[in-house]
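Please keep the sequence and the structure in view while reading.

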Amino acid sequence: MNFKSTKLWLHAFEQRDGDQFETQRARLASQLLTMREKVEQLVSFIPVDCKDLTIHDITHLDALWEAAQQITGEKWELNPAEAFVFGAAVLIHDAGLTTLAYPKGKAALKASDKWQDLVAYHISTVQDEGKGPSKVELSAKDEADLLFTLLRELHAHQAESLCLQSWELEGKGSFYLIDDSELRAAFGETIGRIAASHHWDAERVHSELSSGKGGSPKLPAEWTINECKLGCLIRCADAAQVDRTRAPLTLYAALGPEGYARLHWEAQSKLNRPFLKDDAIHFTSSSSFLASEADAWWIAFDLASILEKELRASNAILTDIGEQTFAAQRVAGAEAPATFSRYVNTSKWRPIDATVRVTDPLRLARTLGGRNLYGASQVVPFRELIQNAADAIRARRALEGRGVDFGIINVSVEQHPSDDDMCVIHVDDNGIGMSERVLSTTLVDFGKSLWNSNLIRDEFPGLKAANVNNIGKFGIGFFSVFEIADKVQVVSKRYDAGVNEIRALDFRSLATRPILREANSEDLPRDISTRVTLSLPKATAQGLSPDGLLDEFIPQAYYRQRRFQDNKATLKQVIQGMCCFLDIELKFLDHRNGTTFSHTANIYEKNPDDFIAELPFLDHVSKGCRYFSAQKRLRPLTSENGDAFGRAALDIDCLLESRPQNPRGFISVGGIAASSSPRELRSKKGVHIPFFGVIEGKTERAARDISSTIAPDEVVNDWLVAQIKELDQDVLRTSEIMSIASFALTATDFEFDLPFAFHAGRVKSAPTIIEIVKPKTCVCVPVRWRYESWVEVVGYSSLRPEYFEASLSDDVLVLASGSERLLPDDKSKELKRTGGGRLELEDVLRSWQSSRALVEILNRSWSSTFTVTLKTKPVFSTRIASLSGERWVVEFEKVSA
């Protein structure tokens, strides 16, 4: 027990002649040593739950007395009560790293909200990285790693209660770490607070720990406790106690730690015990770090840097509270890696601090937070604010078990109180709100999202495990508001806090530091948790993005084709279209002119006409569309368990006109219509499905310019089959129905009884054609030459009268549509000159859309491959001279096994 020879221990507990307080000293020392015996057993189980940690047993706890002595020097003293509190805090500060330190142990920990949050975060990470299926099972290693993480997060907090916590022994009652009930009552909370403070930041130590606290009535009155002083001592001693004794080589080899833990073992296994020289703690190494050990050397440098930071902060606190500072003021060489390498040596390499860093965060936010990331769009800032509000409301729904009937977002426009050329826009929500800590950290930390940070687990335990479908995850969207407004104000409080906790964050511009101040109920409307206020020119709110706002929702080529000249939009139109699929009530009101609209949250039950009316600028693109009035065919995309993934109808116009773009279908990311183009919905067989309505999706890009749907293949397939079954064939031409049948055949596994191909004088369905083709060895489709270099497949809509009047050969099929130009000019000339020849199937598929349906027929009919040939052969089965000769065809011939 070398700690008993330190000056700090001896001054506090050593017996001395004529000591009137000998009994009280002995009582404190005895209780501390008894507590040590109990804690020794407790911490011996840390390796069971945190197996890769360096040594955290009783030897580490004893060594903290010696580390504290080095830091304080010879002139620093603790009175007996302070020494007792310090020693007890040392004993329990890491005891929470074993599950035995928690009531009901591991079972209770795994039932906690924090455990569920960690599991949810792990699963979402695995899925985001594409490393696993949609359902992720935790392995034994995963569970061990998550338990390790949980204990690391909780152990400091758990230390607060350990001295007051009892352990039950069956048949023997309960026991405490401190046997003496008087000392436990007098110092239990204080010990716990000081032990926990080793994981606090220095500012919190200064503000929350007392610099003068009375002790037990059974002890001398002058034995008071300076919590702040002891908090500084334990954090510095803990940072300094890093050397080979905590990473013995034999144990290092036996355990074989992995990853980051391995680097800590490797680093500490080479460190000698730190020592004090003049005013500096010196780290030295027993041997040089090789280039292959560079990562471990940087761990050693980081450990020294941590101690340097703690010493400077603690000495500043001690000065502020009028206490003597430590003898150790700094760490030798910690100011630069090159200097530190003179103490902790390297061999044949030099440490250069080339860590990736942001030297100008404001410039980064200006560069990436606005135009360069999102483009010139003035829509993006409003999208980001509304989606932040939506995330906050969904989080509160999850925390309070509320349904979709809860939550509101208000967007309001007012005249600026002092500038006629300006207006003020408020975006309000009644979501979870933000505490002062969130306002001053994650909100202003560019690139850090609250939803993916550890802070969310501290602020709202259980929220991550609730699997809230939050949209924000990049932590940069808020900064887009500075593209349209210099003055921005955020007023907020947590939903469960009082008006005295309302805080306001005022931005005068992105280039200046914001001001965090106390606010009051006048700054935040009643029942609202967060208000964001923008001051911006009137022109921005009245006519947004005059150079192409419609591009946000409609492909430019399409609206130009339709000759839409008015490509301006009001803020009302933008927000209404953007939020068309938001499952949260949203109200818009322009107080200047009374313009208003109200979006309701019942997106799946809303009247179809009202639903379509909200879709972005749909009135522009609907003109001239034959089959647009398909409100009756709007259907949700729903799984067997009731999960819904959108509300849409098959876009017949787009399908029949074969447009490359789909301007009437929108992908919604968290309820916000995305501006990605093309907006693709694909069948389980990979076929593009044109739709109108809204399909729910996701995006992996901060700009949200590319998004993808999340509906499972089977859900899409069931919806598509139902859509085709519900078609009103009476309003369609035969060739159009055939085109839809070709699409259905390639997009689904369902065999529809729809006209598919013309054969032997009649239009027949795909199942019938399959049965006809099965016994045949070849089928062919007619083609014709326009010029020497232009050959095209003949489609049903362009058949000449003789195809209906004369008998066709039994192996001839005509599909809904032909090809405009089957082959390149040079290839066509060569084949016509030589009388035909083999074709590459890929070339045919690329130039003739309906050929995919024919190939599907052949694959279902023949269990073998086939060749494709351009040739001449009889097409009509007749004696009429003008028809009985050979004609050009594309023949698909079965290859014999």
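The largest nonpolar core has 102 residues, and among these Phe84, Ile191 and Phe283 touch the most other members. Such a core is a set of buried Ala, Val, Leu, Ile, Met, Phe, Trp, Tyr and Cys residues joined through side-chain atoms within 4.5 Å; buried means under 20% relative accessible area, exposed over 50%, and partly exposed in between, with a 1.4 Å probe and protein chains only. Helix 14 (residues 294-320) supplies the largest share of this core, twelve residues. Apart from it lies another core, of 62 residues, including Ala747 and Val890.

The model is predicted: local features need pLDDT of at least 70, side-chain atom pairs count only at pLDDT 80 or more, and totals for chains, interfaces and linings use all residues. Residues are numbered from 1 along each chain as its sequence is written, and side-chain values use heavy atoms, without hydrogens and water.

Beyond its neighbours within four places in sequence, Phe84 is in contact (heavy atoms within 4.5 Å) with residues including Leu28, Gln31, Leu32 and Ile191. Leu28, Gln31 and Leu32 are among the buried residues of helix 2. Helices are DSSP runs of H or I with at least four residues, and strands are runs of E with at least two, numbered from the N terminus.

Phe45 lies in the loop between helix 2 (22-43) and helix 3 (46-49). This residue counts as partly exposed because its relative accessibility is 40%.

Over the protein chain, there are 34 helices and 27 strands, and 54% of the 897 residues count as buried.
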